[in-house]
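The exercises below concern charged side chains and their surroundings. Please work through each task with the structure in view before reading its solution.

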Amino acid sequence: MAQVLIADDEANLRKVLTALLKQDGHDATAVEDGIKALEVVERGEVDILITDLRMPGMTGLELLKKVRQRDPTLPVIVITAHGSVDTAVSALKAGAADYITKPFDKAELKQAVRKAAALRESSIESQEGSL
């Protein structure tokens, strides 16, 4: 079970994603913007971050870059209704684990989270192994 943080300014989407991830056995928490998401990430309570691309205050891409500086192994899934090849490339170059467009397929999202959870687990194991 992974600790998943959802950052999205859309209240209904936060509820849907939280319920979907809890159904899949994860512990999901949601915040409404990138600034709050960064605060939670900085407390070290997150295994996976799902962020919207467009949010007030701090975009998902800005959040991704700040998270990368703090924890390069934290998988970040970018989800957006404003998908384009350029934004996908930018997100993936900045270190996103996955990029999903809205409306999203539930199975696709669950698979992306499972993949991210496996990635996180293997990075934690390799860090422990190098101690």
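**Exercise 1.** Decide whether Lys102 is buried or exposed, and find the side chain with which Lys102 meets in a salt bridge.

Solution. In this predicted model, Lys102 has a relative accessible area of 18%; because buried means under 20%, Lys102 counts as buried. The next step is to look for the partner, and the side chain of Asp8 meets that of Lys102 in a salt bridge, at 3.2 Å from N to O. This pair links distant parts of the chain, with Asp8 in the loop between strand 1 (3-7) and helix 1 (11-23) and Lys102 in the loop between strand 5 (98-101) and helix 5 (106-129), 94 residues apart. Asp8 is likewise buried, with a relative accessible area of 0%. Finally, Asp8 and Lys102 belong to a network of salt bridges that also links Glu10 and Asp52.

**Exercise 2.** Locate the salt bridge between Arg120 and Asp71, and state which parts of the chain the pair links.

Solution. The side chains of Arg120 and Asp71 meet at 3.0 Å, N to O. Arg120 lies in helix 5, whereas Asp71 lies in the loop between helix 3 (60-70) and strand 4 (76-80), so that distant parts of the chain, 49 residues apart, are linked. Both residues, Arg120 and Asp71, are buried.

**Exercise 3.** Classify Lys115 by its relative accessible area, and name its partner in a salt bridge.

Solution. The partner is Asp98, whose side chain meets that of Lys115 at 3.5 Å, N to O. The pair connects helix 5, which holds Lys115, with strand 5, which holds Asp98, 17 residues apart. Lys115 is partly exposed, because its relative accessible area is 43%.

Definitions and conventions
Residues are numbered from 1 along each chain as its sequence is written. This is a predicted model: local features need pLDDT of at least 70, side-chain atom pairs count only at pLDDT 80 or more; totals for chains, interfaces and linings use all residues. Side-chain values use heavy atoms; hydrogens and water are left out. A salt bridge is a side-chain nitrogen of Lys or Arg within 4 Å of a carboxyl oxygen of Asp or Glu. Helices (H or I, at least four residues) and strands (E, at least two) are DSSP runs, numbered from the N terminus. Buried means under 20% relative accessible area, exposed over 50%, partly exposed in between (1.4 Å probe, protein chains only).
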